[in-house]
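Subject: Structure for your review

Dear colleague,

Please find below the structure that I am handing over to you. My notes on what was found in it follow directly after.

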Amino acid sequence: MSDPNSDESQFVSRRERREAERLQRERDAARSGAPEELSDAVVAPLPDDAAEELPHDDEARTELHQVVSSADSEKHPAIEPYIEADERQYPEREDVDHNEGHVLFDKLPPTVVPVPTGTAPTTNIRQQRRKRRNKIMSITFGIFAVALVGVIFLIQSLVAGTQPADYAGPGTGNEKFEVQQGWGAIQISRELQQSDIVASDKAFLNALEANTSGSSEIHPGTYDLKKQMKASDVVSVLTAVGPRVNYIALNENSRKNEVFQKISEATGAPIDTISAFDSKGTEFGLPASVKTLEGYLHPGEYRFPVDTPIKDILKEMVSKTLEELKRMGITDAAQQYRVLTIASILQGEATAKDYPIVAGAIENRLNPNNQETNGLLQLDSTVTYGLGTRSLQFTEEQKKDASNEYNTYVHKGLPPTPIGSPGNSAIDAAAKPQSNEYYYWVTVNIETGETKFAKTYAEHQGYQQQFRDYCAANPDKCK
């Protein structure tokens, strides 16, 4: 029979060795980050010869346990965190299989489960994942929001860049704005912008195109506007639909037959009906000596109610001319006629800036005692009027034709009548001519209006050659 003490010593030595091996495995697993699952350990029997080599006394076993524990601590000094296993996880075992020679651990020592430093429980891991996911979503949403704001700002910038500048209105002060005859929408828009009535010509054109409240037609005339108005407000004023009127616009230097044509176009009245008043000057306050309305039909813009009689239309034009003559102090009927005739010549012979000096030269020519022209005006404008043309070119035969009573190369003094409708500036210059010693003048550049003056005919011939050279180079300008 074997010694019971010997069997017990064998079991204890095996158990201690197994316990040391198990602890070693757990520590190795802890270092790898995947702790090995704990379970109840079963000690297998050792061979008899191996068991005999192990110490059998308590003192030896205690020494061996201390050596194993000390060696393991020195080998793995960094493994510190442990969690003491609950006794319920490893309940006491009392069953021993004596037939097989296996002994179960009856009392396991407190078991230590290694947990890697920084490893959180499962619940904490899920929370961290959720927080990380929420953080990523927040960052993504923030980037999307910033991008969306950027896109909106870009679109607004592009839209603002395509919209022309416009004032908010309603404007300040009072501004008289004149739309001249022949101006189109583009010209009007530029003039409005230059006058600071609208912020941009494009804003006005857009408002005019979008106007649905009335006509898009803008008639010549003077309008009451303001500085820095909203473009649509300006369009409303310029295109306002009021009472129907007959609009007539007469240019300076218009001849009477051209005036009659304009009146006919505006009113629908036959030209014969209108021209019948030409020889009835007395009905318009003119002396009986005045045989024609030529020169008295003042240029400008007129708006007459549609039912206005033709006589009243003509009377309005004549009245404006008489008013200007009276303003200049010319009240005598004969003197008025003379001034109007000279003024009409100025309109055909010079530009506005030269009216006073040319008026003085005409007076010099009209002096019958002058040695240069001997009282002859020698003017192309009067000849072409008598010919019924507006061309600057005529033949030598036409120049010598005495049958043309307006041929001032042949007939001394003023022509029988004015040769057109002079404006106020020409009337004023004829009423108060500039005193000078010139007898001749010629415009050497029709485009710029450059005019050269001479006291002698020889000097004048040199300037005439300059004009001929200009016409040779610009035949379309000298028709």
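The element that gives the most to the lining of the largest pocket is α16, with 6 residues. Helices (H or I, at least four residues) and strands (E, at least two) are DSSP runs, numbered from the N terminus. Please note that this is a predicted model, in which local features need pLDDT of at least 70 and side-chain atom pairs count only at pLDDT 80 or more, while totals for chains, interfaces and linings use all residues. Residues are numbered from 1 along each chain as its sequence is written, and side-chain values use heavy atoms, with hydrogens and water left out.

The largest pocket

The volume of the largest pocket is about 1,200 Å³. Its lining comprises 36 residues, and those nearest the centre are E349, D380, L392, V442 and F467. Two or more lining residues come from each of α11, α13, α14 (396-400), β10 and α16. Sorted by class, the lining has 14 nonpolar, 14 polar and 8 charged residues. For these classes, Ala, Val, Leu, Ile, Met, Phe, Trp, Tyr, Cys and Pro count as nonpolar, Asp, Glu, Lys and Arg as charged, and the others, Gly among them, as polar.

The terms rest on a 1 Å grid over the protein atoms alone: a pocket is an open set of points with protein on both sides within 12 Å along at least five of seven lines, a cavity is a set where a 1.4 Å probe fits but cannot get out, and lining residues have an atom within 4 Å of a point. Grid points are joined across faces, edges and corners, and a volume is the space filled by probe spheres set on the points.

Salt bridges

A search of the whole structure gives 13 salt bridges, each being a side-chain nitrogen of Lys or Arg within 4 Å of a carboxyl oxygen of Asp or Glu.

K256 pairs with D278 in a salt bridge whose closest N and O atoms are 2.8 Å apart. Because K256 lies in helix α8 (residues 256-267) and D278 in the loop between α9 (271-275) and β9 (300-305), the pair ties together parts that are 22 residues apart in sequence. K256 is partly exposed at 22% relative accessible area, whereas D278 is buried at 12%. Here buried means under 20% relative accessible area, exposed over 50%, and partly exposed in between (1.4 Å probe, protein chains only).

T292, in the loop between α9 and β9, is buried at 6% relative accessibility. Its side chain makes polar contacts with the side chain of K256 (3.1 Å) and with that of D278 (2.9 Å). A polar contact is a pair of N or O atoms within 3.5 Å; within protein, one must be able to donate a hydrogen and the other to accept it, and residues adjacent in sequence count only if both atoms are side-chain atoms.

R338 and E363 form a salt bridge with their closest N and O atoms 2.9 Å apart. R338 belongs to helix α11 (residues 333-349) and E363 to helix α12 (residues 355-366), so this pair ties together parts 25 residues apart in sequence. Both residues are partly exposed, R338 at 30% and E363 at 25%.

In the salt bridge between K455 and E437, the closest N and O atoms are 3.5 Å apart. K455 sits in the loop between β11 (450-454) and α16 (457-473), and E437 in the loop between α15 (424-431) and β10 (440-445), so that distant parts of the chain, 18 residues apart, are linked. K455 is partly exposed at 41%, while E437 is exposed at 57%. Salt bridges with shared partners also join E324, R327 and D428 into one network.

The disulfide

The count comes to 1 disulfide, defined as a pair of cysteine sulfur atoms within 2.5 Å. The disulfide is formed by C471 and C478, with their sulfur atoms 2.2 Å apart. The torsion about the S-S bond of C471 and C478 is about -85°, so the disulfide is left-handed. Both cysteines are buried, C471 at 12% relative accessibility and C478 at 4%.

Backbone angles

Most residues other than glycine have a negative phi. Q228, which is not a glycine, has a positive phi of about 55°; Q228 is located in the loop between β7 (221-227) and α7 (231-238) and is partly exposed at 36%. N374, also not a glycine, has a positive phi of about 55°. N374 lies in the loop between α12 and α13 (380-387) and is partly exposed at 39%.

Yours sincerely
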